[in-house]
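Thank you for making the time this morning.

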Amino acid sequence: MDGNGTQQADGTTVLVVDDVAASRYAMGAVLRRAGHQVVPVASGGEALVELDVRLRDGTLPDVALVDVGLPDMSGFELCRRVRAQPPMAALPVVHFSAAATASGDRCRGLDAGGDAYLTVPAEPQEIQAVVRAAVRGARRATGAGSVVQRLTLLSEAIITVQAARCPQELAAAAAEGTARLTASPAVAFVIGPDGEPHRGTAHCRPAPADSAAHRTAARLITRLAEGRTGVHSAVVPAPLWPAGIFRPGVEEDARLTVAPAQDGRSAVGLATPVRRLPVPDPADDGLLARLAQATALAAEPLLLYQVERHVALTLQRSFLPQPHKLPDLAGVDIVVRYVPASQETEIGGDFYAALRTGEGVLTAVGDVVGHSLDAATVMVEIRHALRAYCVTESDPAVLAGRLDRMLQLYHPDVTATVCLTLVDPGSGRMRIANAGHIPPLILGGGGGARYVDACGPLLGLGLERPPPTEGQLKPTDRLLMVTDGLIETRGIPLDTSMAQLRTAAADAPDGLDTLCDVLLGCFGHDRDDDIAMLALRLG
């Protein structure tokens, strides 16, 4: 207490929201004399902006004194908006008014989430006592309720982390969970065996994603994780922690929680700025350690899958002929496209082929059922088997039967779809064998498009196969073959998607490259599967 018996403040910060400058000054003077730091603002909008900035900087005030009659919104509405944001929900709010205070106004203030109501002018001792009481109440509530609240936040963060579909999503989820647990800006790093960092940020203004600062931070996390087991935390002083991680160009200490993966080749790091001198609650370190451990456990399969996916994509691309390396097939023009699925989905077994046979040109588009490295491997075997069979056989129905038997013998648990089309460049005669695939689409030179009526059972089932479907390709026609990854959309029947493809193809400009590019622009967004396309016309 001071010499007058007034209890002194402990360095708390008070946000004063009042549109009358004289009132702000008077209230601020009373609070400063009691040892408080005062942040004056003139409106509800300014208050929300100030709180947002301070939230990002980790310097939220300890209490807010809010005038009921603000020019842009009522003090009650401002209180409701503050309470609606979880990181600021615990901020104590004291409403005040210079007007006569009816009991209804006091009730509205409390219903809006306020902690007390003052009628001003008031004695300085009363203002100081109300502020102290609001801060004490908030700290008691924090002490009693924060454990349950933070455990709830931790559970929610772990659930989000476990639902991540790729390392980048995982890093973003971990950063958001860290920020909510600590009510401060946060950056999370998920570092793979090759040292590649995947970074997520929350509530901060980070430097560019490819900045040297983030690469330096990732190397530091990797070094801290080397040779260790279990989660450990440390404060990294600003000279060792690169500037710009939380705010561009700003040097600041970082509290770092590092969790190495069980394989010892990857690691997770959760970083928050250290901006306040008091020692943090030890419970925070424990919660962050549990979040870091959960993130590291979730990272292992995602990083392993990423490596497997890279291998599968490399395998798939290496065995699919590139457009500029297609074989020279006299009498026809052929354009192909292959687009892998998005990074969040598993690789499939989509493929295309264009081969010379004794009776013409054989084209194939197919898809091995399943999504894995195994599917890509079987795809390669099918392409090689088809290429070998074509040395002595041209009939697409016979070829489909041989592929069927090959799968039954060597991969009895695998099925695949494929459409085989044999075209005689001289006469335009077509023979088509379809094994559970989308049938070819014929685009007429005068407009319009139609699917060839060709169907049959999947490969690998050992079922009887129908004879090939006969057709005629005119010099002005275009033949289009695709895998279902182009058009298949969850929740939409395949027949509907096929009808949409037919309409879009019919309206596409002339040219094979243009046709493929237009269709990829119309479809194939947010893909869950690879896309293989082949377009052909008589040359």
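How many bridges join strand 9 to strand 10, and in which sense do the two strands run? Before I answer, let me say that this is a predicted model, and that everything I describe is computed from it. The answer is that strand 9, residues 254–260, is joined to strand 10 by seven bridges, and that the two run antiparallel.

Let me turn to strand 1, residues 13–17, where five of the five residues are buried. Thr 13, Leu 15 and Val 17 point one way from strand 1, with Val 14 and Val 16 pointing the other way, and again all are buried. The pairing in this case is parallel, with five bridges between strand 1 and strand 2, the latter being residues 37–41. Within that pairing, Thr 13 has Gln 37 of strand 2 as its bridge partner.

The next strand on my list is strand 12, residues 349–357, which is largely enclosed by the rest of the structure, because eight of its nine residues are buried. Strand 12 pairs with strand 13, residues 360–368, in the antiparallel sense over nine bridges, and a hairpin of two residues joins strand 12 to strand 13. Thr 357 stands opposite Gly 360 of strand 13.

Now to the cavities. The count comes to five cavities of 30 Å³ or more, and the largest cavity holds about 80 Å³ of space. Which residues lie nearest the centre of the largest cavity? They are Ala 433, Asn 434, Cys 455, Pro 466 and Pro 467, out of 14 residues that line it. Helix 10, residues 396–410, and strand 15, residues 429–435, each supply at least two residues of this lining, and strand 15 gives the most, with four residues. Sorted by class, the lining of the largest cavity has 10 nonpolar, three polar and one charged residues.

On aromatic contacts I can be brief. A pair of aromatic rings is described by the distance of the centres and the angle of the planes. The count here comes to one aromatic pair, and that pair is Trp 241 with Phe 246, which is stacked, with 6.3 Å centre to centre and 25 degrees between the planes. The word stacked applies because planes under 30 degrees apart count as such. Trp 241 and Phe 246 are both buried. There is also a charge over a ring to look at, since the charged end of Arg 402 sits over the ring of Tyr 389, 5.8 Å from its centre.

The C-alpha atoms of Gly 137 and Asp 115 are separated by 8.5 Å, and the two residues are 22 residues apart along the chain.

Ala 183 is found in the loop between helix 6, residues 167–182, and strand 6. Ala 183 is not a glycine, and yet it has a positive phi of about 55 degrees. With a relative accessible area of 31%, Ala 183 is partly exposed.

Lastly, Asp 453 lies in the loop between strand 17, residues 449–451, and strand 18, residues 469–472. Asp 453 has a relative accessible area of 67% and is therefore exposed. The C-alpha atoms of Asp 453 and Pro 440 are separated by 8.6 Å, with the two residues 13 residues apart along the chain.

Technical notes:
Residues are numbered from 1 along each chain as its sequence is written. This is a predicted model: local features need pLDDT of at least 70, side-chain atom pairs count only at pLDDT 80 or more; totals for chains, interfaces and linings use all residues. Side-chain values use heavy atoms; hydrogens and water are left out. On a 1 Å grid over the protein atoms alone, a cavity is a set of points where a 1.4 Å probe fits but cannot get out, and a pocket is an open set with protein on both sides within 12 Å along at least five of seven lines; lining residues have an atom within 4 Å of a point. Grid points are joined across faces, edges and corners, and a volume is the space filled by probe spheres set on the points. Ala, Val, Leu, Ile, Met, Phe, Trp, Tyr, Cys and Pro count as nonpolar, Asp, Glu, Lys and Arg as charged, and the others, Gly among them, as polar. Two strands pair if DSSP finds at least two bridges between them. Rings of Phe, Tyr and Trp (its six-membered ring) pair if their centres lie within 6.5 Å; planes under 30 degrees apart count as stacked, over 60 as edge-to-face and the rest as tilted. Buried means under 20% relative accessible area, exposed over 50%, partly exposed in between (1.4 Å probe, protein chains only). A charge sits over a ring if NZ of Lys or CZ of Arg is within 6 Å of the ring centre and within 35 degrees of the ring normal.
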